[in-house]
Amino acid sequence: MTTIEATTSPAAAQEQTAPHIVTELPGPRARALIARDEAVASPSLTRAYPLAAESGSGMVVTDVDGNRFLDFAAGIAVCSTGHSHPKVVAAIKEQADRLIHIAATDFYEPRYTEFIERLAAIAPFEEKARVFLTNSGTEAVEGAIKLARYHTHRSGIIAFDGGFHGRTMGALSLTNSKVKQRAGFGPLIPMVHHAPFPRIRAWREGSGGDGSAELAHLRNTIFARQIAPSDVAAIVIEPIQGEGGYFPAPQSFMQGLRELCDEHGILLIADEIQSGMGRTGSWWAIEQMGVEPDILTTAKGIASGMPIGAFIGRDSIWTWPPGAHGSTFAGNPICAAAGLATLDIIESEGLSNAAAMGARLRSGLERVAADVDAIRDIRGVGLMLGVEFDTHEGAEAVQEAAFRRGLLTLECGESSLRFSPPLIVDEGSVDIAIRIFAEALEAATRPEASVAETGL
Ligand code: PLP
């Protein structure tokens with residue numbers, strides 16, 4: 001469950017994972033690196049706060065000045081097995097010695113085949129599955145759109161308000177999370193329509209809703225006025241919106257979408273790039289909603305940080321011929337080897353741990369937030385938890401205050417803070433994160449409280 005040696009005592013283990021801030025932040029080395037980076041990096045990058053990472057182990061990231069952080073961001077929900085899990089590192093090293101590249105589009109390679117077999121075996125539908133490996137999440141979405149269009153001979157795509165599916169032109173056309181992600185890049189691909197997504201805030205506001213109003217809008221407005229369902233190839237949805245603010249779709253809404261798809265011969269594509277790979281306590285969030293998609297996209301946590309993604313579809317929809325789709329690097333043997341090790345770790349430790357630690361984290365966050373008016377909602381599933389504030393500035397201030405105390409979190413949506421730690425997180429780390437969150441909240445909502453007064 002942890003990368004710490006079995007011989008290490010619990011107290012020593014705790015000591016090694018506890019955050020430890022030894023310089024001002026950013027420290028001198030971080031400041032120097034940031035200055036060099038900003039001189040040559042694309043200005044489009046949005047660094048959340050001045051973390052300059054040097055190394056990582058398990059739950060901990062150490063920066064270039066020797067400051068130690070507890071990582072509840074996991075590189076945007078990617079480091080599913082923690083940083084540099086020994087089994088993943090060994091798999092990468094062994095494969096690098098054996099073979100680095102061969103091009104799976106043209107040739108066969110054992111790690112590639114085993115990885116797609118394993119992904120096909122955990123596909124969330126009854127029918128036999130086929131898999132195409134990609135280099136990233138956005139490419140998985142591109143491939144899924146292409147497959148859906150090819151198979152149905154239709155062009156239309158329905159996506160959702162607040163959705164995020166990537167930055168390449170097809171995926172970007174579906175992305176509808178923040179306008180700055182689209183501004184200046186048009187024209188995007190045609191025949192994409194965005195439908196309302198049920199954004200339910202049940203914890204404090206009890207906003208209610210089961211998605212029936214949004215389903216009615218899709219049926220009665222979009223399908224009645226904007227696009228005929230017979231022109232729609234696919235409905236693409238994140239079962240839990242990620243970048244949009246960690247909003248789980250209600251089960252009845254997902255079931256309603258499945259019915260609409262069945263009625264009109266439309267494919268249902270579940271984008272589980274953020275919500276998948278065990279983060280919610282099951283391989284895929286959609287499994288907990290009692291719905292089978294036709295295609296599922298995955299990436300992020302699939303190989304513990306190595307760049308690889310996939311789209312997985314029912315056997316009967318892969319009607320395209322040789323040459324219709326391919327990629328030079330995708331399914332690279334080192335990435336596939338890291339993916340196989342990742343699947344083993346998630347299977348044996350991650351799934352049940354994500355459910356148990358998610359419940360512990362959620363109740364801790366709820367306890368801390370109970371009488372903080374600035375917190376509007378706490379929601380999510382397993383280790384995909386979001387805390388929504390009443391303002392963007394509120395979320396930002398707590399994110400910054402947490403960083404200064406040694407806890408890495410990441411904003412999402414308009415004003416939410418996401419907690420997406422590695423799936424191997426243990427009770428001690430969860431409890432430290434809750435404590436630092438409480439201190440950060442106190443410091444951010446009561447600015448006169450000094451660091452010395454509130455924490456590390
Ligand atoms: N889809 C979802 C749901 C995502 O959360 C993301 C990334 O945040 C993507 C697609 C795009 O993935 P990538 O950044 O690997 O291209």
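Colleague: Which domains is the chain divided into?

Modeller: Domain 1 (10-85 + 350-445) and domain 2 (87-343), with bounds from an automatic or database domain assignment. Residues are numbered from 1 along each chain as its sequence is written. The model is predicted, so local features need pLDDT of at least 70 and side-chain atom pairs 80 or more, while totals for chains, interfaces and linings use all residues.

Colleague: How do I read the interface, and what area do the domains bury between them?

Modeller: Interface size is often given as the accessible area lost when the parts come together. Here domain 1 and domain 2 bury about 3000 Å² between them, 55% of it on carbon and sulfur atoms; the area (1.4 Å probe) is summed over both parts. H85, L351 and M384 supply 23% of what domain 1 buries against domain 2, more than any other three residues.

Colleague: How many salt bridges cross the interface?

Modeller: The rule finds 4, counting a side-chain nitrogen of Lys or Arg within 4 Å of a carboxyl oxygen of Asp or Glu. The side chains of E388 and R201 form a salt bridge at 2.9 Å, N to O.

Colleague: And the cavity: what volume does the largest one have?

Modeller: Rolling a probe the size of a water molecule over the atoms shows where empty space is left. The largest cavity has about 30 Å³; a cavity is a set of points on a 1 Å grid where a 1.4 Å probe fits but cannot get out, and lining residues have an atom within 4 Å of a point. Its volume is the space filled by probe spheres set on the points, joined across faces, edges and corners.

Key. Heavy atoms only, no water. 1 Å grid on protein atoms, 1.4 Å probe; cavity = no way out; pocket = protein on both sides within 12 Å on 5 of 7 lines; lining within 4 Å. Buried area = accessible area lost by both parts, 1.4 Å probe.
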